[in-house]
Amino acid sequence: MRNLAHLARRFFGSIRARRPGPADQTLVASLLTPAESEVFWSQPIPDLAHAVRSAGAVRQLRPERNDLIRAALLHDVGKRKAGIGTILRSLATASSMVRIPMGGGMARYLDHGEIGARELEELGCEALVVQFARHHHDRRPDHVNEDDWNTLLAVDNE
């Protein structure tokens, strides 16, 4: 479970987020197919900013691993299907911590990993990209390399 300090940083980061600039746009274009790019750029600005930050951190740590960088870019694409903003996202997360059942956009937000993973599978993304989208809030799947997983989790939790 994510700690409250992490959630507070994410909340305030969402409020301050800006659309990625030209250099980041060029990086994304070099790593994603046109269909993946369409999905990527349809995310809300806070999710775009988080994805680009995460991918940049992976690129610093593991520049030779485009699959890890792609996983960082695409892991939260399912959140856009929720259609809710920062306040409702925060309420959904807090409610889930005390196990309050939710429906609609809040439920879709909490299920964003599975929603995004299914979409990434349909786009033909490699297994690591799909598995990180699906399980980044759960335990590492046995068939995923532990070092790769830990790298992705570390940058996602920044």
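Contact means heavy atoms within 4.5 Å. The model is predicted: local features need pLDDT of at least 70, side-chain atom pairs count only at pLDDT 80 or more, and totals for chains, interfaces and linings use all residues. Residues are numbered from 1 along each chain as its sequence is written, and side-chain values use heavy atoms, without hydrogens and water.

**Exercise 1.** Determine whether Arg89 is buried or exposed, and list its contacts.

*Solution.*
Step 1. Arg89 belongs to helix 6 (residues 86–97); helices are DSSP runs (H or I, at least four residues) numbered from the N terminus.
Step 2. With a relative accessible area of 10%, Arg89 is buried (buried means under 20% relative accessible area, exposed over 50%, partly exposed in between; 1.4 Å probe, protein chains only).
Step 3. Once neighbours within four places in sequence are left aside, Arg89 is in contact with Pro44, Asp47, Lys79, Ile84 and Tyr109.

**Exercise 2.** Explain why helix 9 is described as largely enclosed.

*Solution.*
Step 1. The buried residues of helix 9 are Leu128, Val129, Val130, Gln131, Phe132, Ala133 and Arg134.
Step 2. Helix 9 (residues 127–135) is largely enclosed by the rest of the structure because seven of its nine residues are buried.
Step 3. The cover over these buried residues includes helix 5 (66–74), helix 8 (112–122) and helix 10.

**Exercise 3.** Identify the residues through which helix 4 and helix 10 meet, and classify them.

*Solution.*
Step 1. From helix 4, His50, Ser54, Ala57, Val58 and Leu61 meet Thr151, Leu152, Val155 and Asp156 of helix 10.
Step 2. These contact residues comprise five nonpolar, three polar and one charged (Ala, Val, Leu, Ile, Met, Phe, Trp, Tyr, Cys and Pro count as nonpolar, Asp, Glu, Lys and Arg as charged, and the others, Gly among them, as polar).

How values were computed: Helices (H or I, at least four residues) and strands (E, at least two) are DSSP runs, numbered from the N terminus.
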